[in-house]
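Let's take a friendly walk through a protein model together. Have the sequence and the 3D view ready, and turn the view as you read.

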There are 2 protein chains.
Amino acid sequence: MSEFDAVAARVSDRVTPDEAEREALRSAVDALTGRIRDAVADLPVDGRIVQVGSTARGTWLADDRDIDLFVCFPPDTDRADLETYGLSVGRTALPDAREEYAEHPYVTGEFHGFDVDLVPCYDVEDATAIQSAVDRTPFHDAYLRERLTPELATDVRLFKAFLMGIGAYGSDLKTRGFSGYLSELLVLEYGGFEALLRGAADWRPPVRFDPENHGTESFDDPLVVIDPTDPTRNVAAVCAPENVARLQHYARNLLDDPSDEPFVSADPDPIDADAVRAHLDRRGTTPVAVVFETPDIVDDQLYPQLRKSLNGIASELDRRGFKPVRSTTAAGDRAVLFVELAVDELPTVRRHRGPPVHVREHATGFYDAYADGDAYGPFLDDGRYVVERSREFSTPGELLGGDAIFQVALGTHVERALEDGYELLVGEAAASLADEFGVAFARYFDPTP
Amino acid sequence: MSEFDAVAARVSDRVTPDEAEREALRSAVDALTGRIRDAVADLPVDGRIVQVGSTARGTWLADDRDIDLFVCFPPDTDRADLETYGLSVGRTALPDAREEYAEHPYVTGEFHGFDVDLVPCYDVEDATAIQSAVDRTPFHDAYLRERLTPELATDVRLFKAFLMGIGAYGSDLKTRGFSGYLSELLVLEYGGFEALLRGAADWRPPVRFDPENHGTESFDDPLVVIDPTDPTRNVAAVCAPENVARLQHYARNLLDDPSDEPFVSADPDPIDADAVRAHLDRRGTTPVAVVFETPDIVDDQLYPQLRKSLNGIASELDRRGFKPVRSTTAAGDRAVLFVELAVDELPTVRRHRGPPVHVREHATGFYDAYADGDAYGPFLDDGRYVVERSREFSTPGELLGGDAIFQVALGTHVERALEDGYELLVGEAAASLADEFGVAFARYFDPTP
């Protein structure tokens, strides 16, 4: 047995649900389905019950106890009715039901130790006729069920465990990685985990797969997998270039030097304020940190806003001459926008180039405006008037501590949170944040692919 | 009389040579011509003696006592013979003759209190047939003599005095301004000093004059005056954009608010080290100064080399992240390359972007080279490997104090002078240079057009 196969066998053993777990799942699904059928019977319309997701397809990882049940209502059902039916069925079938909202409301709860999502959808004829994003799921499920052999299901589990280990699993907007459906399509495409890794190691993005040869729709993403059930959709649309590169990097590593390690996801140990200070000393940089109450929104809203805000602040610091080296954001009870700068202080004067002298009216206006002022100049440089006048912000603290921070492009909820107040830490003072963000700092100061 | 005319009359009075000066000049030229004629008579070839330049055309400024005499030899004279003849005539005619070198040797000396240049040239048929740059001069002279009325000669003197006052007179490579010939052509073109100023105030470079309608030759310079005696030559080729702009600026000023002041050139008072320090404090900048023995070469070689060296050093400081604000150079017994910086210290790490991960061989090589080293990373950014490795120079002193200074584009003689040793002053220490370069600092810290 090759070293690679030995690793795969060990990991597979660990992540394949055992017979007890399978049996527990089956009985939970049966019981739930019965309860849902009874609840649907009380409704004025028919509803087809479909189990979907990895537990339906046998591709779930051991101890990942999610049950997804969809109730498919006739396509001519009024949307408000569909929502009402969905919630009513959910409340009846799941005693501790909580309502959640995606494109429309659904119900989530616990049943026999499993996390259950109970989702109403439209029973459309094919995936291109969907009325709501969730209507697509039963088609995905049917497509995969038909094609995934038990051997392929094993390889799907290996690939998912690998993506989790390297931090690239999940199409949520915090991770921007590979969804379950995408992972299964890729294993199917290559016919197995190892073949997929060998393929990915040599990808030269943009990489395009079109399992059902749908044809011509084109996408701008580094990885394109045309949805077999919907020619207009790239299943990998959310996958960031960085996660494609991450898969490539770790695929090469695993093939070169097989090991169980990349299949195990683990946060690094947090580092403390002293360690942060030591890094800053060694790097000779100046950090600035904007810290505020984390807005009370779901992660799929929060992380895009944090990224947008971080980018807004870093761009403004760059535009103002403070030369960001690197930056990061993290969120717990409080959230931080952290930018490490190369420049901590700039002159009090700033060069301001005026018009060419030959543009008479404009040039004379410029000259007269500055001739008797405090600025240095006007003088000539290459045929233009130039002055050196006061710089607006000589330190990053002046820039981020005043109204200017609200002029940059921030996420809506982040902007509101900053309006309620924020802490600004510049230089070594920022090291104290290690108490709150020690793991994020560990990742930042010991970065890996 | 308009205020402008009153100023012009006063200045004209001051700069027009009086009858005594004219008479002294005439008699000196006559005596010299006789001596030259005798010396030429001893040569085996004929030589035509021509007086050229502003004293020949009556456009010289009072007390500007230059006599230029050319001896024109037959065009088939061997160049070595021409040089021998020129020197021999010069030595005979001018007792205290010194040899100078332009394109070929000539003789310079004093005679009756006048500075005399005695130049051998070829007596060619027209200016396009010249064998040496100086052969052109007699044609320039003839062209202007034919056209300059006494009224125009007065206006030429006004224009020259004005250009001197604003620091834009002279086609030497320190000034890069307006030559005497160019000044006279411009006055001729506009028909007078005031008309020229009104015209220049509205110039929109590139400005082109072609007094003899020679036609199509095109030039890249902001000001183009096609030589009436040579269609291939732009008389204003050496004139820097800055000096064109300077003329425009002061022309507008003089027309708006006539005054004798711009006709008087005066160095500013030197400033002292305390004043320099006060400016640096107010500006919040960090100066660096490289000081060395001024190379023993003529100004037309020295200043281009100083500019090239200053530009080389400032560009390298810029490339290395120290953000030059402004710079200058000056020369006395020692020369200085002075660059004022916005950034005096940079981090010890520097971001280094590697290849895209998908370029497998190159990417793997990059990763392996850095994976076990001291650098931060490799980590991923937008699909590429990135590391943060040691920066070569964290301070401008490290950059300019070591071998790196010899890697930048320096003038040849400046490079040699630096090899013999130089002083490097960073920050406030540079203020002490005010003792040597007080006038240059006065111009630098109180810049005017």
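The two copies meet through the same surface, because 100% of the interface residues of chain A are also interface residues in chain B. Here, two residues are in contact if their C-beta atoms, placed from the backbone, lie within 7 Å. Before going on, note that this is a predicted model, in which local features need pLDDT of at least 70, side-chain atom pairs count only at pLDDT 80 or more, and totals for chains, interfaces and linings use all residues. Residues are numbered from 1 along each chain as its sequence is written, while chains are lettered from A and ligands numbered from 1 in the order in which they are written.

**Where the chains meet**

In the interface, 41 residues of chain A are in contact with 41 residues of chain B. Five elements of chain A give two or more residues each to this side, and they are listed below. Helices (H or I, at least four residues) and strands (E, at least two) are DSSP runs, numbered from the N terminus.

| Element of chain A | Residues |
|---|---|
| α9 | 241-256 |
| α10 | 273-283 |
| β12 | 349-356 |
| α12 | 360-371 |
| β13 | 376-381 |

The largest share, 8 residues, comes from α9(A). By class, the side of chain A that touches chain B has 20 nonpolar, 11 polar and 10 charged residues. Ala, Val, Leu, Ile, Met, Phe, Trp, Tyr, Cys and Pro count as nonpolar, Asp, Glu, Lys and Arg as charged, and the others, Gly among them, as polar.

How are the copies related? Chain A is superposed on chain B by a rotation of 179 degrees with 0.1 Å of shift along its axis, giving an RMSD of 0.3 Å. The two copies are thus related as by a two-fold rotation axis. Of the residues of chain A, A:V343 comes closest to the axis, its C-alpha being at 3.5 Å.

**Inside chain A**

Chain A has 15 helices and 15 strands, and its C-alpha trace spans about 85 × 60 × 45 Å along its principal axes.

Look next for an open sheet of 4 strands, in the order β10-β11-β9-β15 (chain A), with antiparallel pairing. Two strands pair if DSSP finds at least two bridges between them. The edge strands, each pairing on one side only, are β10 (324-331) and β15 (423-426) of chain A. β10(A) pairs with β11(A), residues 334-341, over 7 bridges, and A:T329 stands opposite A:L337 in β11(A). Helix α15 (residues 434-445) of chain A packs on the sheet, touching β10 and β11 of chain A, and its direction makes about 140 degrees with that of β10(A). Axes are lines fitted to C-alpha atoms, for helices over the stretch in contact, and angles run from 0 to 180 degrees between N-to-C directions.

Another packing to find is that of α7 (residues 180-190) and α8 (residues 193-201) of chain A, at an angle of about 95 degrees with their axes 8 Å apart. That makes α7(A) roughly perpendicular to α8(A), a term for angles of 65 to 115 degrees. A:L186, A:V187 and A:Y190 of α7(A) meet A:F193, A:A195, A:L196 and A:G199 of α8(A).

Key
Least-squares fit on C-alpha atoms with pLDDT ≥ 70 in both. Parallel < 35°, antiparallel > 145°, perpendicular 65-115°, else oblique.
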